[in-house]
Amino acid sequence: MSLLDVAIVGYGLAGSVFHAPLIAAEPRMRVAAVVTSSPERAERARQEHPGVRVVSHAEELFAAPAGIDLVVIATPNRTHAPLARLALDAGLPVVVDKPFAVSVADAEDLVARAERSGLALSVFQNRRWDGDFRTVWELVRTGKLGRVHRFESRFERWRPVPKGGWREIGSGDEGAGILLDLGSHLVDQAVTLFGPVRSVYCELDRRREAITTEDDAFVALTHTSGVRSQLWMNAVAPQLGPRFRVLGSEAGYVTYGLDPQEDALRSGRRPDDGLPWGTVGPERWGVFGAEPDFAPLPTAPGDYPAFYSAMAAAVLDGAPVPVDPRDAVTTVRLLAKARESAAAGVIVTA
């Protein structure tokens, strides 16, 4: 069996917590190289992945790419497109963490480069493999909700004191702000479920004085199918709303709380540790039905490992990539339209 040697560019939260454990758990991959300029992170990479090659700068990696089969870009948002471009130009398949790019032009350029070179390119939209989202997907696919007319999705947190990182003190042009950060997930999920969008409305607010970009956002999408998606992103919610509330002509579904896979990864767990992965107990199940008949509905297991399993198949077997990068171009375009709507205070055509 062929083994893919993977290089991770960036070893902060995204690289070390989200990507590296999933790559290490995939039987056809291994973490072969890490790019980080931090001595502390370099040492952590060596401890967590014995034998890993550590370099300080991406240019050093791309100047000598022999022995690397796949590059993962897990750096700050503004650097995603430039680094992915360098990797593609070096002849390497690429996974880009979300957001795919800060601008639509950069996103389109990456797709064009990958298509010209015949290289696999995908985007780490891991929230497609959240258990609650997989549950909603199945309800929609099987028609158990009837004709869906409204989809509500929230990613809310209570962080009254800013952390002070680049996501909070940068500018929108640099990829900072909650719209691009969490909106990349929520918009992708809505379009995955309900397809093309006809119009966009958005509200952006900065609630905390110590930050320079939005920490409270609302996006309303009207899909060409007629479904209305209402998406909330918030870092200052003292009480959290439902994660999903989906209303159809026959039934509805409501669920609270976040998928457990992120917390599992942050705690140091790996999907191949022999314990159940991505599951939630009955006390966390959502509720399905219509007045007066409601019942708990088991949540499908979350499955982040499926992303890198599919990526291995794409590179080694020629299978489709797990997330089509053209989907990510659509997400970047819709987020740009959302910012345009917020600036003008009007609904804009998608």
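Trainee: How do the residues lining the largest cavity divide into nonpolar, polar and charged?
Mentor: Bearing in mind that this is a predicted model, the lining of the largest cavity divides into four nonpolar, four polar and three charged residues.

Trainee: Which residues are they, then?
Mentor: The lining is made up of Gly-131, Asp-132, Thr-255, Tyr-256, Gly-257, Leu-258, Asp-259, Pro-260, Val-280, Arg-284 and Thr-299.

Trainee: And what volume does the largest cavity have?
Mentor: Its volume is about 70 Å³, and the count of cavities of 30 Å³ or more comes to one.

Trainee: OK, switching to pockets: how much space lies in the largest one?
Mentor: The largest pocket holds about 1200 Å³ of space, and 50 residues line it, with Leu-13, Ala-14, Trp-166, Arg-167 and Asp-181 lying nearest its centre.

Trainee: Which elements give two or more residues to that lining?
Mentor: Those elements are α1 (13-25), α3 (58-63), α4 (80-89), α7 (166-169), α8 (178-194) and α9 (261-266), and α8 gives the most, with four residues.

Trainee: New topic: in what order do the strands of the open sheet come?
Mentor: The open sheet has six strands in the order β3-β2-β1-β4-β5-β6, and their pairing is parallel.

Trainee: Why is one side of β3 and of β6 left without a neighbour in the sheet?
Mentor: Both β3 (53-55) and β6 (121-124) stand at the edges and each has a single partner strand, so one side of each lacks a neighbour there. From one strand to the next, the twist averages 25°.

Trainee: Can we zoom in on one pair? Over how many bridges do β4 and β5 pair?
Mentor: Strand β4 (residues 70-73) and strand β5 (residues 94-97) pair in the parallel sense over three bridges, and if you look at Val-71 you will find it opposite Val-94 in β5. In general, strands of a sheet pair through backbone hydrogen bonds, either parallel or antiparallel.

Trainee: Last one: what does UniProt list for residues 5-123?
Mentor: In an unreviewed entry, UniProt lists residues 5-123 as "domain: Gfo/Idh/MocA-like oxidoreductase N-terminal".

Definitions and conventions. Residues numbered from 1 in each chain as written. Predicted model: local features only at pLDDT ≥ 70, side-chain atom pairs only at ≥ 80, totals over all residues. Heavy atoms only, no water. Pairing = 2+ DSSP bridges. Axes fitted to C-alpha atoms, helices over the stretch in contact; angles between N-to-C directions. UniProt positions renumbered as here; feature names shortened; annotations may be inferred. 1 Å grid on protein atoms, 1.4 Å probe; cavity = no way out; pocket = protein on both sides within 12 Å on 5 of 7 lines; lining within 4 Å. Points joined across faces, edges and corners; volume = space filled by probe spheres on them. Nonpolar A, V, L, I, M, F, W, Y, C, P; charged D, E, K, R; others polar.
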